[in-house]
Amino acid sequence: MDTWLRSRMHELSDLHGVIHLAAWDREVYLPAKAAPARAWQLSTLHALHHERLVDPRLGDALARAGGSSDLTPDEQAMVRVLTRERERAVRMPARLVTALAAAQGEGIQAWREAREAKSFARFQPALAALLALRREQADAQGHDGERYDALLEGFEPGMRVQRLTPVLTALRDALIPMVGALASVQRPPPAFLDGRTYDTDRQWRFTMRLLQAVGFDLEAGRQDLSIHPFTNALHAHDVRLTTRLDAAHPLSALFGTLHEAGHGLYEQGFAPEHQRTPLAAVPSMGLHESQSRLWENLVGRGRPFWAHHFPALKEAFPQALADVDLDGFHAGINHVAPSLIRVEADEVTYNLHIVLRYELELALLRDELPVSELPSAWNERMRRYLGLTPPDDTQGVLQDIHWAWGEWGYFPTYALGNLYAASLHAAAVRALPELDAHLERGDTSPLRGWLRAQVHSQGFRLPAEERVRAITGEGLTDRDFLQYLRAKYGALYGLTLKG
Ligand code: ZN
């Protein structure tokens, strides 16, 4: 590959890293008065990145490289990935970019006011404006008659509604009776979370222990605090995680850290030869999420993991956990109960929250659902899927920030993450039959090494589903996830969950 093209790849990657640094800092350390200045700085950096990306000279260089026969397979993949990213950017009219930025500002503002007033009506006009712009974007970027595909492509390259809908519909139809069966057991929520206090300094120290336990490299990253935990990678050697501490709810720190560490391990695991190129990237948000869910849920809510770590947790919180043993803790962190709020949902009910949003998004993009009917459509599905009715819109249709940003197509990546996580975990167990015994000894290195070789170091060589298929022998499926739920929750609740 010629040196000019390679240096342009480096430049784009470096700009991306600095954008992530400024965005991370905004959420973690920004002084209150600095918000407008940071908004300008970020907008300037984004504009520079965009300008470099749509530069016609880059288009020519990519076209030349694409037609050349002396590139290595990795170089061919770099050209393919960057060409796709560039073409999406080129097809986005500058006028639309500006209009969207303005509409997003208004969307967030209206969403906050609507939440304040507990009324969707206040948000409706801003949402309708965002929807019109996203329809325009979908048409500009191109699709085969399904606008949603063009938006999904921004988060989940290669995935299509036609592929996704049957899988999510089957998942929904399997989960509704499972949730019903588990809810009928009527188990109270764990007493160790009821009104007890967990010192936040000790919580912080325990999250640092967890980072070490899963093998997150603290010399190539760090953890800080923020209101909503997130991960921003500047480079594989500079991965920023955040967590949050709440004295009454220690699980949000423990599982927030494990979740973000899963994202962080992915970013730290890119191959050295891919650094500062388009291959040092995740192929999709769903595959990224599969790594966070795998560590948070498949490993982190499992009994083998806590067989090793629970004694130390009990030592850190001797009063709050005085009457709790390993089995009680394991049952408590896997408590299943239908609830109104997605981010508080357990593993079993979580995907129903996602399917609900996906179905509504699709109906909105297809003009099958008027924006004004969104709250009633939401509440009707909430009743059907989870048997609950939101008392007001704040606990219903207004709970997530995604639509206030005009982000359609993002929600399904959470469900894809759960499904891919279960399929990858099943493949890991086949490759590492002693996995549980390793975890009981506190040794995560066999699993981490397997994920590093199979997923992390592969970067963006293949689209997400092809990567999963190369590892598991099968692409997207709900089978492994449902099998995992039936085995785990059947045992925890003393039920036979049929499929
Ligand atoms: Zn995540």
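View 1. At 9% relative accessibility, H263 counts as buried, a word used here for under 20% relative accessible area with a 1.4 Å probe and protein chains only. E289 is buried too, with a relative accessible area of 6%. Please keep in mind that this is a predicted model, in which local features need pLDDT of at least 70 and side-chain atom pairs count only at pLDDT 80 or more, while totals for chains, interfaces and linings use all residues. Residues are numbered from 1 along each chain as its sequence is written, and side-chain values use heavy atoms, leaving out hydrogens and water.

**View 2. The zinc ion and its donors.** Here H259 (NE2), H263 (NE2) and E289 (OE) coordinate the zinc ion at 2.1 to 2.3 Å. Donors are N, O and S atoms within 2.8 Å of the metal (3.2 Å for Na, K and Ca); water is not among the atoms, so sites may look incomplete. Along the chain, the donors follow the spacing H-x3-H-x25-E.

**View 3. Where two domains meet.** An automatic or database domain assignment sets the bounds, giving domain 1 (3–142) and domain 2 (161–493). Look for the 36 residues of domain 1 in contact with 38 residues of domain 2, contact meaning heavy atoms within 4.5 Å.

**View 4. A salt bridge between R135 and D367.** The closest N and O atoms of this pair are 2.7 Å apart. A salt bridge needs a side-chain nitrogen of Lys or Arg within 4 Å of a carboxyl oxygen of Asp or Glu. Between domain 1 and domain 2, the count is three salt bridges.

How values were computed:
Buried means under 20% relative accessible area, exposed over 50%, partly exposed in between (1.4 Å probe, protein chains only).
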